Amino acid sequence: VYDDTTPEEVVEYLYENMHIKDAAYKKFGSAGFYIKNLWDICFKGSSYSEEELQAALKALEESTAGVNTNAPLYDNNLIIIMMESFEWFAIDPYNTPTLWALKTGENYYADHVEKQAVVMNKYISNNKTNVSEELCLLGYMPNSNKLNLNGEKSYSAKYSLPNLFKNLGYTTNFFHNWKKDFYNRETLNKELGFDNQYYLENFVSTTKSTRFNYYNLEVDFANQFMNQIAPTGKKFMSFYTTVSTHGSYEVTNEKFTEYYNTYDANLANFKTWLGEQKYVYPANEKDQLILKHYKSAAMDTDRMLANLFKHLKTTGLNENTTVILYSDHNAFYHDLTYKIKGTNIGDYDNQFSYTVPFMIYSKKLTSEKITRFCSPYDLYPTISGLFGLAFNGIYAQGVDIISTPNTNTFYMSYLTGFYDANCYSKDMLNLKKYEGSLESADVTKFKEKACKFFQEQK
């Protein structure tokens, strides 16, 4: 269907690389699944001939773009913040005014946010945290179950976002309010091209916690490193992954006491707002408490952002600094997403369950709400296009959703299946259309996109 790749070959490829976990269990059996998994990690080598490898290298070279000095945000600073387990219902006008101002342009108390962001209303994401992180930084995710750029010479970081920005004279910085060995971040981020990294180990506080669930405040962590996140006197690209909204949400964290009190004071207005937005306020007290803890953690992210925007405005960096916010996945702990959205956990084809925030704020961009389907694969090419980076088109498995408004993307979730704007498939054998009846043309278009996607992945 696409060049020399057939849908059947795509399905076999998916089985062999175990992208579809339940299908792989059925094919190999539980023991075979784990044996094959171990074999792939430890021993699997390249099955390609020297001619195939050289052809692939030539294709990669020919897919490299040149630097575009006419790009809308060329030579601007960039701060990317990946917000852990963040939902649209985490953002409301009473508890999270900074994020609300970014989403709507309604300022309320967010004095330092001067306009609405570019808001992606149909951004869906359902990946493990490290996958959403790497899709943004690399444009793709390697086949192996663990990304190890240092050990796997076949994985190239030449075109990673940090390295592309470094090529233009930027300093590159990574921040995470948790431990540096989680997901092997310290090693991986060095390979990805980050000059500086700051983790929980670098955070100094008399009340610092290293216990899972009892997270330190994002606002305290960011305040300590604010001059590293957004330094003056140099061009910078900074990437910040939050942790306080991670969950579990059953734990009462005394560091959030101020946020708990704010939530209680705003509860009546918040409940009314939830209903107006077609969300569901939980009926039982346990789920109500879980929502309170989650929303209080979201307030922590909001206060951190308020301080960041204040810093940008005070230093004058707001004139030429772009802030990109996106979520790695929904709030799946305790099935919170499904309870608030009124969806079922097993309905993988329901995009509403996985529709989460993605916003781009820049004084140089026109505020707008984009309603086209997009995914984490689109982060890398969109950022590269906006900043005029010399990225590689094959590594960019998504599309630039700003400059190509009529091109729809294809999304593969390792957890729930395959999506485009019109259809869903869990196993690439059976398709379901979101609206209307499924036509043969829908199937053909979907599989063409899938074949192209996996040909590039291969």
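Select Asn184, in the loop between strand E3 (171–176) and helix H7 (185–192); helices (H or I, at least four residues) and strands (E, at least two) are DSSP runs, numbered from the N terminus. The model is a predicted one, in which local features need pLDDT of at least 70, side-chain atom pairs count only at pLDDT 80 or more, and totals for chains, interfaces and linings use all residues. Residues are numbered from 1 along each chain as its sequence is written, and side-chain values use heavy atoms, without hydrogens and water.

Phi of Asn184 is near 55°, a positive value in a residue other than glycine. Most residues other than glycine have a negative phi, and most peptide bonds are trans. Asn184 is partly exposed, at 31% relative accessibility (buried is under 20% relative accessible area, exposed over 50%, partly exposed in between; 1.4 Å probe, protein chains only).

Next, select Asn213, in the loop between strand E4 (196–198) and helix H8 (218–224). Asn213, not a glycine, also has a positive phi, about 85°. Asn213 counts as buried because its relative accessibility is 18%.

Now go to Gly247 and Ser248, which are joined by a cis peptide bond with omega of about 10°. Ser248 lies in the loop between strand E5 (236–241) and helix H10 (257–276).

Finally, select the lining of the largest cavity, including Asn213, Gly247, Ser248, Tyr260 and His293. A cavity is a set of points on a 1 Å grid over the protein atoms alone where a 1.4 Å probe fits but cannot get out, and lining residues have an atom within 4 Å of a point. The volume of the largest cavity is about 90 Å³.

Technical notes. On a 1 Å grid over the protein atoms alone, a cavity is a set of points where a 1.4 Å probe fits but cannot get out, and a pocket is an open set with protein on both sides within 12 Å along at least five of seven lines; lining residues have an atom within 4 Å of a point. Grid points are joined across faces, edges and corners, and a volume is the space filled by probe spheres set on the points.
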